[in-house]
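The sequence and structure come first.

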Amino acid sequence: MTKPTNKLAFSEEITEQQVVAYLEANPNFFLHNPDLLKTLTVPHPSGKAISLLEHQVNLFRKENKELHKRLGNLIAIARENDQLFDKTRRLIINLLAASSLEDIQVIIEEHFREQFKTDACCLLYFADQPLNTHGRTFPLAEAKKQLGDILDNTKPFTGLLKLEQKLVLFPDQAHQVGSAAVVPLYHQRLLGILAIGSEDMNHFRTSNGTLFLTHIGEVLSQLVYHFQEQSN
């Protein structure tokens, strides 16, 4: 009677998936077979075979480098958000001290120019009757005719505008503005819009988060509504 040989036990019928499944089910396999671990080699891009342990170390180093890069990106985003939060907080505090639409106009334009370093800023009011401000005021029907679909949403828009829209929002800088953010001022009705422009085509993109713009828009809407009601 002949004994089964190892050659028969590890025949070509064993698949890679079976080997993987076996090693996953027996995590201590190499602890029980340390000599085998020393002899296993893995092809390297340099053409030189390296040991399994060295291959694992290289993988860990690569993963560690990638994690370090991700952590660096997250820290940079956190710092940027912290700066945006502080600038937004100071803007809100200044707006709450405003006593007129004129004050709001000055605070918005100065803050976005000096703190947020924006290239262009515009605050438009929508009203059928003249308001007590030197800021630009449009009847809502006329604004919808000139600005079109950007007034359809109640949430901030970020991205590229049509030239005719930029000519209305930034008449002196329409050809310099590459991308923009448009924040609707809505409280009970559409009261106006805050538009911010950048010469950089990629500065305001449709994928940008709008949390801070939304917060500014909500506070600004309440104040504009209050002072517009006083003007009527």
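## Terms and basis

Two strands are taken to pair if DSSP finds at least two bridges between them. Helices (H or I, at least four residues) and strands (E, at least two) are DSSP runs, numbered from the N terminus.

This is a predicted model, in which local features need pLDDT of at least 70 and side-chain atom pairs count only at pLDDT 80 or more, while totals for chains, interfaces and linings use all residues. Residues are numbered from 1 along each chain as its sequence is written, and side-chain values use heavy atoms, with hydrogens and water left out.

## Overall form

The protein chain contains 9 helices and 7 strands. Its radius of gyration is 32 Å, well over the 17 Å that the globule rule gives for 232 residues, so the chain is more spread out than a compact globule. That radius is taken over C-alpha atoms, and the rule is 2.2 Å times the number of residues to the power 0.38. The C-alpha trace spans about 110 × 35 × 35 Å along its principal axes.

Of contacts (heavy atoms within 4.5 Å) between residues at least 6 apart in sequence, 52% join residues at least 24 apart.

## Surface and charge

Buried residues account for 32% of the 232 in the protein chain; buried means under 20% relative accessible area, exposed over 50%, and partly exposed in between (1.4 Å probe, protein chains only). The chain exposes about 15,900 Å², with carbon and sulfur atoms supplying 54% of that area. Accessible areas come from the Shrake-Rupley method with a 1.4 Å probe, and for residues only the protein chains shown count as cover.

There are 23 positive and 27 negative side chains, and the centres of the two sets lie 8 Å apart. Lys and Arg count as positive and Asp and Glu as negative, without His and the chain ends; each charge is placed at NZ of Lys, CZ of Arg, CG of Asp or CD of Glu.

An open sheet of 5 strands runs in the order 4-3-7-6-5, with mixed pairing. Strand 4 and strand 5 (157-159) are the edge strands, each pairing on one side only.

Strand 3 (residues 120-126) is mostly covered, with 6 of its 7 residues buried. Strand 3 runs antiparallel to strand 7 (residues 189-198), joined by 6 bridges. Ala 120 has Gly 197 of strand 7 as its bridge partner, and Leu 124 stands opposite Ile 193 in strand 7. With strand 4 (residues 137-138), strand 3 pairs in the parallel sense over 2 bridges; there, Tyr 125 has Thr 137 as its bridge partner.
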